[in-house]
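Try each task before you read its solution.

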Amino acid sequence: MTEETVTKKPLNQKIKEELKRLKDRQYRKDWLYNIIFESDTPEGRIFDIFLMVCIALSVIIAIFGSTFRAPWLKTTTFVLEYIFAVFFSAEYVLRLYCSPNPKKYAYSFFGIIDLLSILPMYIGFFFPHVQYAIILRSLRLIRVFRILKLFNFLTEGNLLLRALYASGKKIAVFFLFVVLLVVCLGTLMFMVEGTSEGTSFNNVPNSIYWAVVTLTTVGYGDITPMTTMGRFLSAVIMLLGYTILAVPTGIVSATMIQESHKSLNKTCSNCGRSGHEPDAKYCKYCGTKFEDDADDADNKVRLV
C-alpha cells in the first residue's frame, strides 16, 4: 500500500461519514446554521465574505446597468441580475430553513431587508422600473459589522435608535408646529407679494412651498420676492430657519445623553451595584451575567 493510498483513505472515509450525517435533518440544519449565520467558523467566514462580494457586485451592476445602451451590455446585465436574484432567493430560503426561529428571523430587520432585496427582481417582470429597488440590497452590507467583530458600532446604533424612539413625541409636536408655521408664513407672503405684477406668489400653495424651501434653508431660487416688504420677510424667515433646524438636533442629543446614563446605571441583580458599560454582559464587580444577555442564540437570530 503506497503512502498516497494511506493519505486518501481517511479523507474518503471522512467525506462518507459527513454525507451520512447530512441525511439527519437536525444535523443538516445545524450544519447550515453554522455556515450561514455564524461567522466564527472558517466555513461561516468564507460564506459571509462571499456573500458580501455578491451583494456589492449586484448593487454595482444595478447602478451602472441603468447607464448601458448597447444591447449586449443590457442583456449581460439582465442575466447577471437574475443569477444574483436566484442565489439570494436560495440563501433566504435556507436561512428560514435552518433558523431556530424562522418567524422571528422573517420579521427581524435583516429578514425584511433580505426579502425586500429579492422581491423587486420578480416584480420587475410586471413593472420593469421596480427592479431598481434592489439597491436596498446594499443595506445587507451592514452584516460586515458582524464579520469584522465591530459590535461596538452596533451598540452605538442601538443607542441612537432608542434616542429617536424616546424623542418621537417631542419631534412630532415640533414637526406639527413647523407645518403650522410654514402655512402661516406662506399665507402672509401671498398677502404681501400676491398683488405684484408677474409675481410667482400667485396662490397660497405656491407661497407655502416657498416658505418650506426658505425655512429649511434649501433656497432653490425658483420663486423669489420682488417687493421690499417681501424681501424683508424672506430675510426674517431665513434667520428663523437656522434656529428652528437646531431644535430637533438638541432634542435627540439630550435624549441620547439620558439613554446613555440609563445604560450606565444598569444594576446587577446579584450585588446590586451599577455603573456598567452599555454593552456589558457581565457585572464587573461580581461577574454575574445580566439577564438581558442570557439568550444569546435569540440575539444572534435577531441581529443576523
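Buried means under 20% relative accessible area, exposed means over 50%, and partly exposed lies in between (1.4 Å probe, protein chains only). This is a predicted model: local features need pLDDT of at least 70, side-chain atom pairs count only at pLDDT 80 or more, and totals for chains, interfaces and linings use all residues. Residues are numbered from 1 along each chain as its sequence is written, and side-chain values use heavy atoms, without hydrogens and water.

**Exercise 1.** Find which residues of α2 are buried, and on which side they lie.

Solution. Step 1: locate helix α2, residues 25-36. Helices are DSSP runs (H or I, at least four residues), numbered from the N terminus. Step 2: list the buried residues, which are K29, L32, Y33, I35 and I36. Step 3: check their arc, taken from the directions from the helix axis to the C-beta atoms. These residues cover only 165° around the axis, so they sit on the same side of α2.

**Exercise 2.** Describe how α4 and α6 cross.

Solution. Step 1: take the axes, lines fitted to C-alpha atoms over the stretch in contact, with angles from 0 to 180 degrees between N-to-C directions. Those of α4 (residues 71-98) and α6 (residues 109-123) come within 9 Å and cross at roughly 145°. Step 2: find the contacts (heavy atoms within 4.5 Å). Residues of α4 including Y82, F88 and Y92 meet residues of α6, among them L115, I118 and M121.

Methods. Helices (H or I, at least four residues) and strands (E, at least two) are DSSP runs, numbered from the N terminus. The expected span of a helix is 1.5 Å times one less than its number of residues.
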